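Hello,

Here is the structure for you to look over. My notes follow below it.

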There are 2 protein chains.
Amino acid sequence: MTDTQSTAAADHRGSRTTDVVVIGAGLAGLTAARELVAAGKSVAVLEARDRVGGRLLNHDLGDGQVTEVGGQFVGPTQDHILALAKEVGVTTYQAAVPGETVYVNDGRAKRFTGHTPPDLFALPDMGIALARIGQAAAKVDPAAPWQTPDARELDGMTYETWLRKAEITGDAVDMINLFLNSAYGGEARDASALFSLWYVSTFGNETNPGTMERGTGTTGGAQDSRFVGGSQLVAQRLAEELDGRVHLSAPVRRISQDSTGVTVVSDAGDWRADRVIVAVPPLVASRIVWDPLLPAQQDQLFQRLPFGTLMKCVAVYDKPFWREDGLSGMGLLRGGSPIREMFDNTPPDGGPGVLMGFLGGKEWRKWAHRPAAERRGAVLRCFAQVVGDRAFDTIDYVEQDWTAEQWTQGGPTSVAAPGVLTDFGQWMGRPHGHVHWAGAEFSPYWNGYMDGAVRSGRTAAAELLDRD
Amino acid sequence: MTDTQSTAAADHRGSRTTDVVVIGAGLAGLTAARELVAAGKSVAVLEARDRVGGRLLNHDLGDGQVTEVGGQFVGPTQDHILALAKEVGVTTYQAAVPGETVYVNDGRAKRFTGHTPPDLFALPDMGIALARIGQAAAKVDPAAPWQTPDARELDGMTYETWLRKAEITGDAVDMINLFLNSAYGGEARDASALFSLWYVSTFGNETNPGTMERGTGTTGGAQDSRFVGGSQLVAQRLAEELDGRVHLSAPVRRISQDSTGVTVVSDAGDWRADRVIVAVPPLVASRIVWDPLLPAQQDQLFQRLPFGTLMKCVAVYDKPFWREDGLSGMGLLRGGSPIREMFDNTPPDGGPGVLMGFLGGKEWRKWAHRPAAERRGAVLRCFAQVVGDRAFDTIDYVEQDWTAEQWTQGGPTSVAAPGVLTDFGQWMGRPHGHVHWAGAEFSPYWNGYMDGAVRSGRTAAAELLDRD
């Protein structure tokens with residue numbers, strides 16, 4: 001119930017009225033709602049699911065313990081999510097577990113410490129690759145990638161083509177794909193070179209330019225920390241604060257605008273508002289019925305922002321046994337492994353033991369439609385390569401396939417193919433009448449991450465208040 | 001009203017029942033319905049628009065004359081659409097008008113006859129380009145492009161990258177983009193190399209392998225002939241034959257399946273059927289509410305089949321004055337012209353005079369959002385470069401922007417970026433429970449063309465009958 005709920009005006013009989021409807025109770029929508037309420041607006045947040053958090057989802061391990069099957073990591077320069085979490089009383093802890101990481105290539109496992117996999121062939125290549133990517137990404141303005149020198153050229157080829165042209169060899173391309181596998185839910189061939197260099201430029205903030213190292217890094221990087229109680233707790237706390245303004249199980253089917261405002265039709269009834277913030281992924285937004293239609297340019301842009309393909313595979317054990325072996329539970333796997341990156345996802349107080357692996361990109365495309373038991377076996381074999389055969393002694397095994405989620409349709413974020421940023425990018429956050437946009441995809445920093453979602457919510461709220 | 005309309009079964013109260021619901025009254029849906037009726041099935045065709053024809057649309061010139069603002073050309077090897085038109089009594093005529101074509105490069109116009117523009121720089125390049133494209137396309141199986149040797153490599157790069165790697169120079173790439181501008185509503189950078197070579201391989205039939213020359217050609221090629229009475233007439237005749245089975249203004253909002261059949265919810269009421277053929281573009285199909293959801297792999301594929309961007313610009317004159325000057329009305333324009341390809345679209349009996357130009361690909365992206373008067377001026381200046389200043393003396397000027405059409409959302413067809421065909425292509429026509437697929441995008445020959453639409457409708461009907 002919103003604080004201004006009242007009999008609707010005669011021309012919108014049956015609608016509840018509010019100043020602003022926010023569609024989507026992920027971090028972006030909840031942040032926007034919070035800002036608007038603070039500014040004195042009445043707000044109704046309509047969420048399609050029966051829960052808040054969007055791409056953040058805690059998985060209950062019992063005994064008050066959780067692990068995450070959605071977005072989970074935060075790190076330095078992600079100031080907005082870190083400050084917000086602090087404000088709602090959610091604390092962080094260092095994600096990295098002491099111990100050695102395991103690098104698996106062609107079935108052979110090697111233990112190592114630090115950031116650099118022990119691969120004599122890939123290592124020099126990776127150094128060169130990171131330097132070249134860094135140089136190129138430094139030329140991109142995160143807020144206007146289409147203004148990059150050679151934008152036209154860079155947006156005419158895939159990232160894979162760019163990497164090969166930059167004389168980055170197969171080994172290094174494969175290592176970069178290993179990262180993209182979870183960062184894009186895709187491969188270097190899925191994305192434009194310009195998009196990918198832009199994406200690197202977003203791994204920072206106004207004073208710290210984005211770097212690949214920050215994006216891929218654990219301690220000191222984007223995988224530095226996690227939230228005590230799970231990342232979804234931040235969204236849950238925000239929803240509590242919004243005190244009855246969040247309406248669950250309210251998928252929005254139609255958004256109709258006229259000169260005086262917006263009517264939002266949902267399965268939980270209709271709302272009439274002066275303005276709307278749509279805070280769902282562009283793809284999901286494009287599947288709402290729009291009246292009037294989205295501007296053709298914006299619709300075309302949203303047609304060109306497909307989601308990556310990503311599943312999180314979680315194995316639960318009585319304890320994190322690998323730690324006794326001096327292992328961090330982290331693994332990097334090459335050579336056609338279904339799981340290419342894995343982490344120790346054990347709750348902060350140490351039990352039960354949890355291993356989490358990303359099944360993403362081309363591996364998702366190979367594995368997602370196979371029988372669950374077959375896939376589980378393949379995943380646990382990957383885990384066993386990293387932590388040994390006790391990986392098979394699970395007490396629970398959970399998969400969260402984000403592509404099968406009706407209200408996300410993929411994961412972790414939207415990736416643009418060649419030609420999209422230069423021809424359509426400027427239509428990204430452009431308001432459509434009384435409708436404003438938020439969501440992780442709409443941020444110039446940490447695009448696709450929690451920090452980007454929070455930033456975009458704040459930007460949308462400020463833009464809306466500014467137009468009032 | 002369908003011939004089996006009856007009180008719905010108790011569990012689908014209020015639904016009308018029929019053996020098959022066909023969604024979409026374009027050529028694919030109408031063809032499928034025709035085949036099913038011939039096989040004794042009761043059929044209801046649900047069409048969102050208040051007209052049939054989908055991407056075919058006649059524009060009334062008055063006095064019983066029409067010109068087309070949607071798909072219009074047919075040619076040799078397009079056996080299915082040609083035979084079907086004959087069966088419903090629609091005849092064809094040669095599209096090409098006697099006279100010289102005009103080639104405009106950097107503002108300079110040159111007249112020529114035949115297929116080959118008079119450009120000493122571009123000409124040898126084009127010869128090499130066509131030979132290399134032909135060689136590469138010949139290795140592609142139109143029904144299974146992902147099995148092409150080097151499919152992985154070809155699907156890792158844009159067509160632009162492939163053209164440059166094949167040492168096809170800027171002039172030739174620009175000429176190919178001129179063709180893609182109307183064929184894709186896009187540019188060589190928008191598409192995967194594998195998709196583009198596959199697309200060339202579809203310009204044929206079971207006995208005549210596809211060639212680029214057939215796709216780009218006028219007489220003897222894909223732009224050989226037109227329909228007397230306009231292409232939409234074929235769809236209108238099919239709908240007449242279906243005698244009350246076509247329901248207009250019936251946009252489908254939801255498709256629900258259970259073990260015994262399918263419930264289709266439309267603005268014109270609900271239908272219950274044993275099976276459904278969805279004969280709308282993949283993008284449009286993906287915006288229907290699906291219960292159960294589409295398989296994630298198929299949804300991901302549809303997320304990756306955006307439409308091109310295409311507008312048809314039509315100027316009407318009291319007569320085809322250019323013919324007196326020995327001009328065919330055909331023009332090829334390079335060097336940043338908004339219109340890059342134009343044709344004489346005068347009705348077959350010679351009046352009024354009609355010029356039609358494609359505003360597509362990157363030119364659409366530059367021009368579509370500008371003021372209509374400014375765009376009209378730019379288009380007529382292009383026409384004037386080809387037929388002289390009398391191009392400004394219009395009696396009518398019409399634009400048909402297919403991206404602004406709610407039930408198409410782009411034109412002329414769907415184009416796949418790198419990575420899509422190899423990772424998702426096999427999910428293209430796979431039935432989803434009781435739901436089968438048709439539409440120009442689902443054909444291995446003349447994909448995106450009228451012939452492909454008719455083929456796909458026949459294939460879907462046969463598949464459905466085969467499963468019964």
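How many residue pairs are in polar contact across the interface of chain B and chain A? The rule finds 20, with both residues at pLDDT 80 or more. (A polar contact is a pair of N or O atoms within 3.5 Å; within protein, one must be able to donate a hydrogen and the other to accept it, and residues adjacent in sequence count only if both atoms are side-chain atoms.) On the side of chain B that touches chain A, H11(B) gives the most, with 5 residues. (Helices, H or I with at least four residues, are DSSP runs numbered from the N terminus.)

This is a predicted model: local features need pLDDT of at least 70, side-chain atom pairs count only at pLDDT 80 or more, and totals for chains, interfaces and linings use all residues. Residues are numbered from 1 along each chain as its sequence is written, chains are lettered from A and ligands numbered from 1 in the order written, and side-chain values use heavy atoms, without hydrogens and water.

More on the interface. There are 8 salt bridges between chain B and chain A (a side-chain nitrogen of Lys or Arg within 4 Å of a carboxyl oxygen of Asp or Glu). A:Asp423 and B:Arg365 form a salt bridge, at 2.7 Å from N to O. In contact (heavy atoms within 4.5 Å) are 43 residues of chain B and 43 residues of chain A.

Now the cysteines. The count is 0 disulfides over all chains (cysteine sulfur atoms within 2.5 Å). A:Cys313 is in no disulfide; the nearest cysteine sulfur, in A:Cys382, is 9.1 Å away. B:Cys313 has its closest cysteine sulfur in B:Cys382, 9.1 Å away, too far for a bond.

Best wishes

Methods
Helix = DSSP H or I, 4+ residues; strand = E, 2+ residues; numbered from the N terminus.
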